[in-house]
Amino acid sequence: MKRSTLSAFCFRWLALHLVFLCQALWAVNLTVAPASIANDYVGKVTLTITGVQPSQSVRVDRLFDLNGNGTVDASTDGLIRGFTVTDGQLPVIGGVRNLNVPGDDDGAVNGQIRVELDVPGTDRIKGILAGKFIYRISDPLNGFKDVTQTFTVTQKPYVQGIRGRITAAEGGSPLGGSFVFLLNARGFALSGTFTDVSGHYEIQSQPGSYLIIPGRPGFIADGTHSAAT
């Protein structure tokens with residue numbers, strides 16, 4: 001009886017350590033290159049995800065890091081973009097690669113996913129937003145813990161710019177994490193950023209006349225917008 005109990009204990013010990021070993025071998029990692037760009041950058045940002053299971057699907061989220069601490073804070077860090085990619089799968093239309101939809105650009109079922117994101121991409125508004133961001137990789141089936149990497153978009157430096165503060169129309173409370181865009185006379189977005197925790201923002205720009213457009217999920221614009229010259 002004692003031998004049987006000892007054998008059962010050893011078996012459980014071995015099984016547990018095999019689980020830990022497998023988790024270590026299949027540790028998921030994420031790299032972002034380049035890790036920092038300017039808001040006038042035109043090119044690609046490449047996400048390389050390693051350590052996934054062959055043919056595994058993962059969720060990719062890009063979030064705004066309001067306080068810049070490099071950690072996802074659910075109460076303040078808003079989702080900018082999210083999509084799902086699968087190891088070895090490329091989105092196609094009529095047999096042609098659909099460049100508007102992210103996929104595994106290495107095209108191989110190899111436990112590694114390479115996602116090449118065009119910047120500014122089809123959504124120019126979000127593509128030019130300056131600030132600190134976090135890329136987060138998660139498993140819809142909870143097979144591994146979330147993996148994150150920071151990503152920064154800096155403003156192109158100019159000797160002048162526009163400063164302001166975004167507040168709620170009712171009560172005047174500051175609206176941190178709101179986005180602010182500068183539009184030219186043709187309604188074309190030239191630059192944008194987020195407000196800090198106190199609702200302040202600063203956008204560097206060339207001399208000219210601009211329309212300032214603020215926005216925030218859960219709020220409705222009052223129909224009036226500020227102009228700056």
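Reader: Where is leucine 141?
Author: Leucine 141 is in the loop between β9 (129-138) and β10 (147-154). Helices (H or I, at least four residues) and strands (E, at least two) are DSSP runs, numbered from the N terminus. This is a predicted model, in which local features need pLDDT of at least 70, side-chain atom pairs count only at pLDDT 80 or more, and totals for chains, interfaces and linings use all residues. Residues are numbered from 1 along each chain as its sequence is written, and side-chain values use heavy atoms, with hydrogens and water left out.

Reader: Leucine 141, buried or exposed?
Author: Leucine 141 counts as exposed because its relative accessibility is 75%. Buried means under 20% relative accessible area, exposed over 50%, and partly exposed in between (1.4 Å probe, protein chains only).

Reader: How far is leucine 141 from valine 58?
Author: They are 8.9 Å apart, C-alpha to C-alpha, and 83 residues apart in sequence.

Reader: What about the phi of asparagine 142?
Author: Asparagine 142 has a positive phi of about 60 degrees, although it is not a glycine. Asparagine 142 sits in the loop between β9 and β10 and is exposed, with a relative accessible area of 68%.

Reader: And serine 55, what is its phi?
Author: The phi of serine 55 is positive, about 70 degrees, and serine 55 is not a glycine either. Its loop runs between β3 (43-50) and β4 (57-64). Serine 55 is partly exposed, at 45% relative accessible area.

Reader: Why point these out?
Author: Because most residues other than glycine have a negative phi, and most peptide bonds are trans.

Reader: Then which peptide bond at proline 34 is cis?
Author: The one from alanine 33 to proline 34, with omega near -10 degrees. Proline 34 is in the loop between β1 (29-33) and β2 (36-38). A cis peptide bond also joins valine 119 and proline 120, with omega about 10 degrees. Proline 120 lies in the loop between β8 (112-119) and α2 (124-127).

Reader: Switching to the sheet. In what order do the three strands run?
Author: The open sheet has the order β1-β3-β8, with antiparallel pairing. Two strands pair if DSSP finds at least two bridges between them. β1 and β8 are the edge strands, each pairing on one side only.

Reader: How many bridges between β3 and β8?
Author: Eight, in the antiparallel sense. Lysine 44 stands opposite aspartate 118 in β8.

Reader: Now the core. Which residues touch the most other members?
Author: Leu47, Ile49, Val58 and Val60, in the largest nonpolar core, which has 34 residues. β9 gives the most to this core, with five residues. A nonpolar core is a set of buried Ala, Val, Leu, Ile, Met, Phe, Trp, Tyr and Cys residues joined through side-chain atoms within 4.5 Å.

Reader: What does isoleucine 49 touch?
Author: Not counting residues up to four places away in sequence, its contacts (heavy atoms within 4.5 Å) include Val28, Leu30, Val58, Val60 and Ile137.

Reader: Last topic, confidence. Which element has the lowest mean pLDDT?
Author: Helix α1 (residues 2-25), at 50, whereas β1 has the highest, 98. pLDDT is the predictor's confidence in each residue, from 0 to 100. The protein chain averages 86, and 85% of the residues score at least 70. Over residues 16-21 pLDDT stays under 50, and the model has zero contacts beyond four places in sequence for them.
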